[in-house]
Amino acid sequence: MMDFKKQLIALLEREIPELADKIQAGAVDARTPAPFAAFSVPEETPVRTLHGIVGCRTMFEVAVYDSRFAEAERLKRLAIAALEGAEFDGKRSRFVSSATEYYADYDLHGAALSFRIV
């Protein structure tokens with residue numbers, strides 16, 4: 001896959017300017033000021049049948065965070081709109097699911113978004 005990290009960051013920063021320079025791979029430092037985002041690199045899982053491996057399922061996650069619930073929800077909608085159908089190395093990403101969380105220790109709302117590359 002072409003440099004997924006660079007493509008993803010450029011796409012999100014273009015579509016959600018308030019996340020410029022606030023998108024990190026993997027874990028996020030607890031002192032990072034909101035809003036911010038984190039992502040995982042694509043993970044490929046073989047699809048196995050009785051006849052052997054018939055392909056791979058490629059998934060990645062993007063999580064968005066803000067100190068206000070409404071803003072976290074807005075970032076979630078913007079991220080879905082930016083990534084639904086986005087092309088990565090000739091394949092398209094599709095939104096699969098989301099989960100929201102609240103981190104009371106940091107007064108932080110977040111949404112983790114799962115995407116499949118097909």
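1. Rings of Phe, Tyr and Trp (its six-membered ring) count as a pair if their centres lie within 6.5 Å. In this predicted model, the rule gives a count of 8 aromatic pairs.

2. One of these pairs joins phenylalanine 4 and phenylalanine 60. Their ring centres are 5.0 Å apart, with 70° between the planes, and the pair is edge-to-face. Phenylalanine 4 belongs to helix α1 (residues 4-15) and phenylalanine 60 to strand β4 (residues 52-66).

3. Are the two partners buried or exposed? Phenylalanine 4 has 5% relative accessibility, so this residue counts as buried. Phenylalanine 60, at 2% relative accessibility, also counts as buried. The cut-off for buried is under 20%.

4. Phenylalanine 60 has another partner, phenylalanine 115. Here the centres are 5.3 Å apart and the planes meet at 15°, so the pair is stacked. Phenylalanine 60 sits in strand β4 and phenylalanine 115 in strand β7 (residues 108-117), so this pair ties together parts that are 55 residues apart in sequence. Phenylalanine 115 counts as buried because its relative accessibility is 0%.

5. Which residues make up the aromatic cluster? Phe4, Phe39, Phe60, Phe88, Phe95 and Phe115 form one cluster.

Methods
Residues numbered from 1 in each chain as written. Predicted model: local features only at pLDDT ≥ 70, side-chain atom pairs only at ≥ 80, totals over all residues. Heavy atoms only, no water. Phe/Tyr/Trp six-rings, centres within 6.5 Å; stacked < 30°, edge-to-face > 60°. Helix = DSSP H or I, 4+ residues; strand = E, 2+ residues; numbered from the N terminus. Buried < 20%, exposed > 50% of the residue type's maximum accessible area, 1.4 Å probe, protein only.
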